[in-house]
Amino acid sequence: MSRKTILPNISYDTQRRSYYVAMYVKDKKGEKPRRTTRCFPTLELAIQALDRYNAGKVLSQSTGTEVLTVGQWLTYWLEQVIAPSRTASTVHGYQMIIRNHLAPSLGQIRLKELTAAQIQQYLNRKQQEGLCCNTVRKHHGVLHNALEHARKQELVVRNAAEQAVPPSSTRPEHHFYDSETMSRLFELLAGTSLEPVVKLAGYMGLRRSEICGLKWSHVDREARVITIAEARTAVNGRSVDKGTKNRSSVRRLGYRGLADMEELMERLWNQRLEEMRTMGADYQDDGFVVCHHGGRPYQPDYLSNRLQRVLRTTELPYVTLHGLRHSFASIAHSRNVPLFGISKALGHSNTNTTTQIYMHLFDETHLSVVQEVGRAIDGR
């Protein structure tokens with residue numbers, strides 16, 4: 001026999017190399033539940049499906065929730081609470097944390113029996129395994145949110161994650177260019193398909209997802225204004241078109257008077273018209289400003305990887321595509337642009353966000369303050 005039981009209600013077929021989950025499902029007529037089997041390519045997906053089924057069965061009853069496990073609740077919470085209200089990229093990020101970390105470590109513990117000590121041991125163990133502090137803090141945040149919803153549903157008396165202490169956050173190392181280095185990068189990539197990418201990041205401060213999601217319908221060529229209203233990101237290896245990061249990320253950025261950007265945008269528009277004329281029906285007109293020859297949109301990771309390949313062949317310092325956005329903020333600050341203006345251009349919800357992210361770029365401010373105070377005291 002090729003199929004062997006490896007976990008309760010889960011069997012593995014050695015010939016088909018697939019996992020089978022046995023469930024009892026009621027039909028629409030309300031008759032006696034019938035046994036059904038579903039196939040999955042991995043054990044993780046099989047366990048997730050079984051947890052989803054068991055959680056739904058338990059939560060549909062008014063009693064018996066004491067047998068609900070952490071893994072079952074996390075699966076239910078992700079699909080019924082988070083998925084309907086969050087973006088696909090957020091759901092995917094939560095799913096990876098639950099599937100690869102939380103469920104294997106804490107999933108078999110009954111929800112009502114989960115303790116702060118167990119959560120603390122989990123957080124400490126993840127750090128010992130080499131995960132960075134900020135990543136472990138994300139794990140704690142996901143678990144805390146799930147347990148808080150369970151508390152509101154009166155499935156647990158208290159949120160055990162409240163008493164667990166996540167590691168302190170660490171400031172990531174940022175790489176950015178000054179105006180001179182940025183100019184050298186622009187010269188290096190002039191005439192290449194990366195030119196519009198680096199200029200939209202460097203001149204306009206756009207995120208990678210905003211560059212990939214920018215469409216001609218949001219470009220006012222006459223007024224020389226770009227409206228940032230859509231984004232394009234990658235979720236589990238496939239591209240997803242979505243709204244911007246938050247409401248403040250929707251913004252209008254003018255480029256009138258910036259000759260380099262004016263020339264670039266007109267060149268891209270004319271290039272699009274020429275390709276549509278020569279390729280006809282073969283042109284994939286999805287309306288993207290930055291795209292492959294023939295209109296096909298870029299995968300976000302492709303742009304990042306290509307920039308790194310180009311930089312490795314030059315003497316320019318290391319920088320990421322997002323680092324060019326950091327460079328935009330740094331150069332703007334060096335030219336005494338008010339923090340409020342920088343924050344609005346970047347699409348941050350408030351200046352506190354800008355300060356927290358970019359304070360390491362603004363260290364020269366401390367020097368100028370001290371110098372001004374010194375001049376006042378010295379009477380100069």
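A crossing is left-handed if the near helix is turned anticlockwise from the far one by less than a right angle, and right-handed if clockwise. This is a predicted model: local features need pLDDT of at least 70, side-chain atom pairs count only at pLDDT 80 or more, and totals for chains, interfaces and linings use all residues. Numbering runs from 1 along each chain as its sequence is written, and side-chain values use heavy atoms, without hydrogens and water.

**View 1. Helix α6 passes helix α7 in a left-handed crossing.** Helices are DSSP runs (H or I, at least four residues), numbered from the N terminus. Residues 179–189 form α6 and residues 195–204 form α7; they pack at about 160°, with axes 9 Å apart. Axes are lines fitted to C-alpha atoms over the stretch in contact, and angles run from 0 to 180 degrees between N-to-C directions. The pair is therefore roughly antiparallel (over 145 degrees).

**View 2. The residues where α6 meets α7.** Contact means heavy atoms within 4.5 Å. From α6 come Met 182, Leu 185, Phe 186 and Leu 189. From α7 come Glu 195, Val 198, Lys 199, Gly 202 and Tyr 203.

**View 3. Helix α4 and helix α5 cross in a right-handed way.** Here α4 (residues 116–128) packs on α5 (residues 133–152) at about 155°, and their axes lie 9 Å apart. These two helices are therefore roughly antiparallel to each other.

**View 4. The residues where α4 meets α5.** Ile 119, Tyr 122, Leu 123, Lys 126 and Gln 127 belong to α4. Their partners in α5 are Cys 133, Val 136, His 139, His 140, Leu 143 and Leu 147.

Notes
Angles under 35 degrees count as roughly parallel, over 145 as roughly antiparallel, 65 to 115 as roughly perpendicular and the rest as oblique.
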